[in-house]
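Work through the exercises below with the sequence and the model at hand. Each task is followed by a solution in steps.

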Amino acid sequence: MDIQVGDVLQMKKTHPCGGKNWLVLRVGMDFRLRCLTCGREMMILCGKAEKSVKKVLPRTDGEDSK
Ligand SMILES: [Zn+2]
């Protein structure tokens, strides 16, 4: 799975806040993700992340979500 910083991931499990989409802040040995709904950040091991990611949402140029 090709995941890059700036990608938005849709996870299989929903966050307790109800959010499903996570912004990738860092990739490497582990991923740092920020929940786009509540803004909370979490680290997840690379191998584990790939299993829990449902899909990578298409990137959009610029931020039009205001
Ligand atoms: Zn959340």
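**Exercise 1. State what share of the chain's contacts with a separation of 6 or more comes from residues 24 or more positions apart.**

Solution. Take two residues as in contact if their C-beta atoms, placed from the backbone, lie within 7 Å. Among contacts in the protein chain with a separation of 6 or more, 27% join residues 24 or more positions apart. The model is predicted: local features need pLDDT of at least 70, side-chain atom pairs count only at pLDDT 80 or more, and totals for chains, interfaces and linings use all residues. Residue numbers start from 1 along each chain as its sequence is written.

**Exercise 2. List the elements of the protein chain from the N terminus on, and give the strand order in the sheet.**

Solution. Step 1: helices (H or I, at least four residues) and strands (E, at least two) are DSSP runs, numbered from the N terminus. The protein chain has 1 helix and 5 strands, in the order β-β-β-β-α-β.

Step 1: two strands pair if DSSP finds at least two bridges between them. E1 and E2 (residues 21–26) are antiparallel with 3 bridges, E2 and E3 (residues 30–35) are antiparallel with 4, and E3 and E4 are antiparallel with 5.

Step 2: the 5 strands make an open, antiparallel sheet ordered E4-E3-E2-E1-E5. Its edge strands, E4 (41–45) and E5 (53–57), each pair on one side only. From one strand to the next, the twist averages 40 degrees (axes are lines fitted to C-alpha atoms, for helices over the stretch in contact, and angles run from 0 to 180 degrees between N-to-C directions).

**Exercise 3. Which glycines take a positive phi in the hairpins of E2 and E3 and of E3 and E4?**

Solution. The hairpin of E2 and E3 has 3 residues between the strands, and Gly28 there has a positive phi near 160 degrees. The hairpin of E3 and E4 has 5 residues between them, with Gly39 in the turn at a positive phi of about 85 degrees.

**Exercise 4. Sort the side chains of E3 by face, then name the residues of the largest nonpolar core.**

Solution. Step 1: a residue is buried if 20 or more other C-beta atoms lie within 10 Å of its own, exposed if 12 or fewer, and partly exposed in between, with C-beta atoms placed from the backbone. By this count 11% of the 66 residues are buried.

Step 1: in a regular strand, side chains alternate between the two faces of the sheet.

Step 2: a nonpolar core is a set of buried Ala, Val, Leu, Ile, Met, Phe, Trp, Tyr and Cys residues joined through C-beta atoms within 7 Å. The largest has 7 residues: Leu9, Trp22, Phe31, Leu33, Cys35, Ala49 and Val53. E3 supplies the largest share of this core, 3 residues.

Step 3: Leu9 stands opposite Trp22 in E2, Trp22 has Cys35 of E3 as bridge partner, and Leu33 has Met42 of E4.

**Exercise 5. Is Met11 buried, partly exposed or exposed?**

Solution. Met11 lies in E1 (residues 8–11). Met11 counts as partly exposed because it has 18 C-beta neighbours inside 10 Å. Beyond four places in sequence, Met11 touches Lys20, Trp22, Ser52, Val53 and Lys54. Ser52 is 41 residues from Met11 along the chain, with 5.7 Å between their C-alpha atoms.
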